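My notes follow in the order in which I looked things up.

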Protein chains: 2
Amino acid sequence: MAGIDMGGTNTVVGLVTSHGECLCEKTFRTQESPDFSGFIDKVIAVIGDLKKGLDGKYTLVGVGVGAPNGSYITGEIIDAPNLRWKGVLPLSSELSSKLGVPVFITNDANAATLGEMHFGAARGMKNFVYITLGTGLGSGFVVDGNLLLGSEGFAGELGHTSVKPSGRKCGCGKKGCLETYVSAPGLRRTAFKLLSDSILPSALRSRTYENISARVIAEFALQGDKVAQEAFEYTGEILGIALANVVAMLNPEAIFLFGGLSNAGNLIFEPTKRHMEKNLSPIFKNKVKLLPSGLGNKNAAVLGASALIWEGIAKKNQ
Amino acid sequence: MAGIDMGGTNTVVGLVTSHGECLCEKTFRTQESPDFSGFIDKVIAVIGDLKKGLDGKYTLVGVGVGAPNGSYITGEIIDAPNLRWKGVLPLSSELSSKLGVPVFITNDANAATLGEMHFGAARGMKNFVYITLGTGLGSGFVVDGNLLLGSEGFAGELGHTSVKPSGRKCGCGKKGCLETYVSAPGLRRTAFKLLSDSILPSALRSRTYENISARVIAEFALQGDKVAQEAFEYTGEILGIALANVVAMLNPEAIFLFGGLSNAGNLIFEPTKRHMEKNLSPIFKNKVKLLPSGLGNKNAAVLGASALIWEGIAKKNQ
C-alpha cells in the first residue's frame with residue numbers, strides 16, 4: 001500500500017508493507033503544479049515509478065494520505081491555508097478513480113497518530129493523545145481504540161484552542177492559540193519576549209530573529225544560557241497546563257510528544273510533565289504517562305497514512 | 001428498570017420503562033446513614049417500595065446510577081469530594097449482588113448526557129457535547145454515538161479545565177477552573193466582582209452574598225439591571241471561549257446547555273453563542289448548534305441513569 005505525507009512544502013510518497021515496513025519512498029515539491037490536477041498526476045506518476053522498482057512483488061491494495069485540512073469523512077481537503085489550490089479539493093475520489101484502489105485521507109497529525117498506534121509505542125493502547133510539535137502544533141486523539149474524528153472529520157485541533165484570549169496573533173486569524181506558544185516558532189517568539197523583558201546576558205542577543213531556531217535555543221539552553229532555558233520552561237508551562245486540561249476532558253492513559261521540538265528531550269519533557277502534574281485534579285495525578293514517539297527516525301506520517309487504509313477497510317466492513 | 005440520580009444532598013430513585021417513561025420516583029437524603037452500606041440498604045428498600053406500587057406489571061432488568069465521581073469502567077465511586085463516605089465505594093457490585101440484576105454507574109453529567117441521547121433532543125446525533133450548569137459545571141461528550149469515557153471512565157471533566165491559571169479558587173483545590181466562572185455560584189462570584197469593580201447602581205448592592213442566587217441575578221438582568229446583565233455577558237464570554245476550544249478538539253454537531261443556569265434562556269445562550277462564534281476557526285464557524293435540553297422538566301439524570309442499562313447491556317453483548 002502507499003502512504004503519502006502531503007505537506008505545504010514537500011510531499012513524501014512511500015510504499016509500505018502491511019507490517020509497517022517502508023520499502024521505498026520518494027519526495028517531490030508539493031506545489032510545483034499550478035493546478036490541483038497536476039498534483040494528482042504527479043502522485044500517480046511517482047507511485048508508478050516506485051512500483052516499477054519492486055518488480056511486481058507487491059500489489060497496491062490502497063492509498064492513505066495525510067494532508068493539511070484533510071477530512072477522513074468527506075475525503076476532501078477543505079480550505080487549507082498553506083496550499084495554493086483553494087476551496088474544496090476532492091483528493092480521495094480523484095486518486096481513487098485513477099488508481100482503481102480505495103483512497104483514505106486525514107490530516108497530517110491524525111496520520112502520525114495512526115502510525116504510532118499501529119507501528120510505534122502506542123500499540124495496544126486504547127486511549128491516548130498524540131501531539132506533533134513542529135512549525136505548528138497538531139494533535140490526534142484516540143478514544144476507545146479509534147481515532148476521534150468528530151462530525152466532519154476535523155476533530156483534534158488542539159493547536160488552535162485559545163490559551164490566552166488576547167494573546168499572540170496566530171496565522172489562523174485568531175489570538176492566543178496554543179501553537180503560537182508551543183511550536184518551534186512559538187519557542188522563538190518566547191525567546192524574543194524574554195530577551196526584551198529581562199536584562200540577563202544571553203548568546204541569543206547576538207542573533208537575528210531569522211537566525212534563531214528551536215534547535216539553536218536548545219543548544220544554548222544545554223550550554224547554560226538562562227534565557228534559552230527560561231524559554232523552554234515557559235513553553236513547558238503553557239503546554240503542561242493545556243495537557244492537564246486535555247486529561248480532564250479525555251482521561252487518556254498516555255500523551256506522546258512527537259516532531260522537531262520534541263527532539264529537545266528533557267528540555268521540553270521535564271517542565272511539561274511538572275506543570276501538567278501541578279495542574280491535574282487529584283483523581284488524575286501521577287497516572288498519565290508523557291512519552292516520546294516510539295517510531296524514532298521513521299517517517300511516522302507516511303507509515304500512519306498507510307495505516308489509514310486498514311482503518312478505512314475495517315470501518316467499511318463493519 | 002431503575003434509574004438513580006445520586007447527588008450530594010438528595011438521591012432520586014425512579015422506575016423507568018424502556019421507552020423513557022418514568023412510572024414513579026422517590027427522593028431521600030443521600031447522606032442520612034453514617035456508613036455506605038446503610039445507603040445501599042436504603043436504595044434497595046426504596047426500589048422495593050416503588051415496585052410494590054406497580055403490582056407486578058413490570059420486571060426489573062437492571063439499575064443505572066448517576067453518581068459523583070462514578071466510574072463506568074470500575075463500577076465504583078472514587079474519592080467523591082461531596083460525600084461523607086471516603087475512598088473507593090464499590091456501588092455497582094454491592095447493589096448488583098443484593099438485587100440480582102446488572103448495575104451500571106457513571107457520573108451525574110454523563111447520566112444526563114445519555115438521557116438526552118436516548119430520550120431528548122440529541123436523539124440521532126452521533127457527536128455532541130452536553131453541559132450541565134448548576135452548582136458546578138458538568139459535561140458529557142458523545143463521540144461517534146458513544147459516551148467518551150477515557151481510560152478509567154473519568155473523561156468529561158470540562159468544569160475542571162483551567163481557564164485562568166491564576167484565577168479564582170476552586171473547591172477541587174486548583175485555581176481558575178471553568179466552573180468557578182460558569183455555574184450558578186460562579187455567576188454570583190462574577191456579580192460581586194462587578195459590584196466591586198464598577199460604580200454602577202444596582203439592585204444587587206442591597207443584597208448579601210447569601211441572598212443572591214443565579215435566579216435573582218437573572219430577574220434583575222431582565223429588569224434592566226446593568227451589573228446583572230454584565231454578569232451574564234462575562235459568564236457567556238468565558239463559556240463561549242471554552243466551547244470554541246471544545247469544538248476545535250471534538251468537532252461536534254451540537255452543544256447542549258442543561259441545568260439551573262441554562263433556564264436563564266437568552267441571558268446565557270446569546271452571549272455564549274456570540275463569543276463561541278467569535279473564537280471559532282473559520283472551518284468551524286456557523287456550523288455548531290447551541291441548544292437547550294429537549295427533556296424539559298423531566299428528570300434527565302434519572303432517565304439517563306436508566307439509559308445506562310441499555311448502554312451497558314449493548315457493550316456486554318459486543
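Entry 1, helix on sheet in chain A. This is a predicted model. I looked at helix H7 (residues 266–278) of chain A and found that H7(A) lies across S11 and S12 of chain A. I noted its direction as about 165° to S12(A).

Entry 2, the strands under that helix. I checked how strand S11 (residues 254–258) of chain A pairs with S12(A): the sense is parallel, over 4 bridges. For one of the positions I looked up the partner residue, and Ile255(A) has Leu290(A) in S12(A) as its bridge partner.

I read the strand order as S10-S9-S8-S11-S12 (chain A), an open sheet of 5 strands with mixed pairing. Which strands stand at the edges? I found strand S10 (146–147) and strand S12 (289–292) of chain A there; each has a single partner strand, so one side of each is left without a neighbour in the sheet.

I looked at strand S8 (residues 128–133) and strand S9 (residues 137–143) of chain B, which run antiparallel and are joined by 6 bridges. Ile131(B) stands opposite Ser139(B) in S9(B).

I looked up the contacts and found 40 residues of chain A touching 40 residues of chain B. The two chains bury about 3,100 Å² between them, with 59% of it on carbon and sulfur atoms. On the chain A side, Met249(A), Asn251(A) and Ile283(A) lose the most area to chain B, and together they make up 21% of what that side buries.

I found 20 residue pairs in polar contact across the interface of chain A and chain B, both residues being at pLDDT 80 or more. Strand S9 (137–143) and helix H6 (226–250) of chain A each supply at least two residues of the side that touches chain B. The largest share of that side, 6 residues, comes from H6(A). By class, I noted 20 nonpolar, 13 polar and 7 charged residues on the side of chain A that touches chain B.

How many lie between chain A and chain B? The count is 2. Glu152(A) and Lys287(B) meet through their side chains at 2.9 Å, N to O. Glu152(B) forms a salt bridge with Lys287(A), where the closest N and O atoms are 3.0 Å apart. I placed Glu152(B) in the loop between S10 and helix H4 (184–197) of chain B and Lys287(A) in the loop between H7 and S12 of chain A, so the pair joins two chains.

Key:
Residues are numbered from 1 along each chain as its sequence is written. Chains are lettered from A and ligands numbered from 1 in the order in which they are written. This is a predicted model: local features need pLDDT of at least 70, side-chain atom pairs count only at pLDDT 80 or more; totals for chains, interfaces and linings use all residues. Side-chain values use heavy atoms; hydrogens and water are left out. Contact means heavy atoms within 4.5 Å. Buried area is the accessible area (1.4 Å probe) that two parts lose on being put together, summed over both. A salt bridge is a side-chain nitrogen of Lys or Arg within 4 Å of a carboxyl oxygen of Asp or Glu. A polar contact is a pair of N or O atoms within 3.5 Å; within protein, one must be able to donate a hydrogen and the other to accept it, and residues adjacent in sequence count only if both atoms are side-chain atoms. Ala, Val, Leu, Ile, Met, Phe, Trp, Tyr, Cys and Pro count as nonpolar, Asp, Glu, Lys and Arg as charged, and the others, Gly among them, as polar. Two strands pair if DSSP finds at least two bridges between them. Axes are lines fitted to C-alpha atoms, for helices over the stretch in contact, and angles run from 0 to 180 degrees between N-to-C directions.
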